[in-house]
Amino acid sequence: MAAVATARILIVEDESTLADAMRYGLEREGFRCAVAGDGAVALSRFEADKPDLVLLDLMLPGLAGEDVCRAIRRSGSTPIIIVSAKTSEVDRVLGLELGADDYITKPFSSRELIARVRTVLRRSGVASDFGGPSVLEAGPVRLDIEKHEASVNGVPVSLPPKEFMLLECLMRRTGKLCTREALIGDVWGADYFGDTRTLDVHVKRLRAKIEDDPRKPRYLRTIRGLGYKFEP
């Protein structure tokens, strides 16, 4: 039984920018990834690589994603997560009836994708653990990922979902630079085209909750022109 962090993922996605973003986010978490841009190549890579999980777009050139899903399911029980712009309940139900194990609608954040991948791998029995700690502690801050609980110096702090995800991203890379682009992709999704200043607004809100003096941050540091870093 493989650990999640070494699981092999086949990404079947014809939008190269999105495929690259998915691959970057997954490989940064320790997964090994291959990419196929159409259905025929996907089946060829599936046979050659024998991945532990497939991320499958439905709207592919050539062989349709639905046919790819059926072919993979006929060959065995490899977990499949459909990643699609089709958002209706009917589409989601049809995707699951094709044999998919989960269904994610675009746009999505890198954190959501990684969480779904880990959950499906664990549920399917492919992997033995989550591949990362479920409790993060650095400096005065403690995050319980599974319970969605945060505390500072032992005092509970209420964090909305985006603030929680942002702080988790920073704490998982404590002491390392997190670029603005990486944080926006992780929290708001690879397809986010809104105002990038929303990141700065969320950082400001986090500082108000975790810093002794938000005007002189000790833990959540700005790396000018590049991004942010969490220092314990």
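1. **Salt bridges overall.** A search of this whole predicted structure finds 21 salt bridges. A salt bridge here is a side-chain nitrogen of Lys or Arg within 4 Å of a carboxyl oxygen of Asp or Glu. The model is a prediction, so to speak of local features requires pLDDT of at least 70, side-chain atom pairs count only at pLDDT 80 or more, and totals for chains, interfaces and linings use all residues. Residues are numbered from 1 along each chain as its sequence is written, and side-chain values use heavy atoms, with hydrogens and water left out.

2. **Glu13 and Lys106.** Start with this pair. Their side chains meet in a salt bridge, at 2.9 Å from N to O. The two residues sit 93 residues apart, so the pair links distant parts of the chain. Glu13 is in the loop between β1 (8-12) and α1, and Lys106 is in the loop between β5 (102-105) and α5. Helices (H or I, at least four residues) and strands (E, at least two) are DSSP runs, numbered from the N terminus. Both Glu13 and Lys106 are buried. Buried means under 20% relative accessible area, exposed means over 50%, and partly exposed lies in between (1.4 Å probe, protein chains only).

3. **Asp57 and Lys106.** Lys106 also forms a salt bridge with Asp57. Here the closest N and O atoms are 3.6 Å apart. Asp57 is in the loop between β3 (53-56) and α3 (65-75). The two residues are 49 residues apart, another link between distant parts of the chain. Both Asp57 and Lys106 are buried.

4. **Two domains.** The protein chain is divided into domain 1 (8-124) and domain 2 (135-230). These bounds come from an automatic or database domain assignment. The domain centres, taken over C-alpha atoms, are separated by 29 Å. Twelve residues of domain 1 are in contact with 13 residues of domain 2. Contact means heavy atoms within 4.5 Å.

5. **Area between the domains.** The size of an interface is often given as the accessible area lost when the parts come together. Domain 1 and domain 2 bury about 950 Å² between them. Carbon and sulfur atoms account for 50% of it. In domain 1, Arg28, Ser109 and Arg111 lose the most area to domain 2, together 50% of what that side buries. Buried area is the accessible area (1.4 Å probe) that two parts lose on being put together, summed over both.

6. **Pairs across the interface.** The count between domain 1 and domain 2 is two salt bridges. The rule also finds two residue pairs in polar contact across this interface, both at pLDDT 80 or more. A polar contact is a pair of N or O atoms within 3.5 Å; within protein, one must be able to donate a hydrogen and the other to accept it, and residues adjacent in sequence count only if both atoms are side-chain atoms.

7. **The side of domain 1 that touches domain 2.** Which elements give two or more residues to this side? They are α1 (16-28) and α5 (110-124). Helix α1 gives the most, with four residues. By class, this side has five nonpolar, two polar and five charged residues. Ala, Val, Leu, Ile, Met, Phe, Trp, Tyr, Cys and Pro count as nonpolar; Asp, Glu, Lys and Arg count as charged; the others, Gly among them, count as polar.

8. The side chains of Arg111 and Glu168 meet in a salt bridge (3.1 Å, N to O). Arg111 is in helix α5 and Glu168 is in helix α6 (residues 161-172), 57 residues apart. A polar contact of 3.1 Å also joins their side chains. Glu168 counts as buried because its relative accessible area is 7%. Not counting residues up to four places away in sequence, Glu168 touches Arg111, Leu136, Leu143 and Ile145. Arg173 forms a salt bridge with Glu29, with the closest N and O atoms 3.0 Å apart. Glu29, Arg111, Arg118, Glu168, Arg172 and Arg173 are linked in a network of salt bridges.

9. **Glu163.** This residue also lies in helix α6. Why is Glu163 called buried? Because Glu163 has a relative accessible area of 3%. Its side chain makes a polar contact with the side chain of Lys209 (2.8 Å). Leaving out residues up to four places away in sequence, Glu163 touches His202, Arg205, Leu206 and Lys209.
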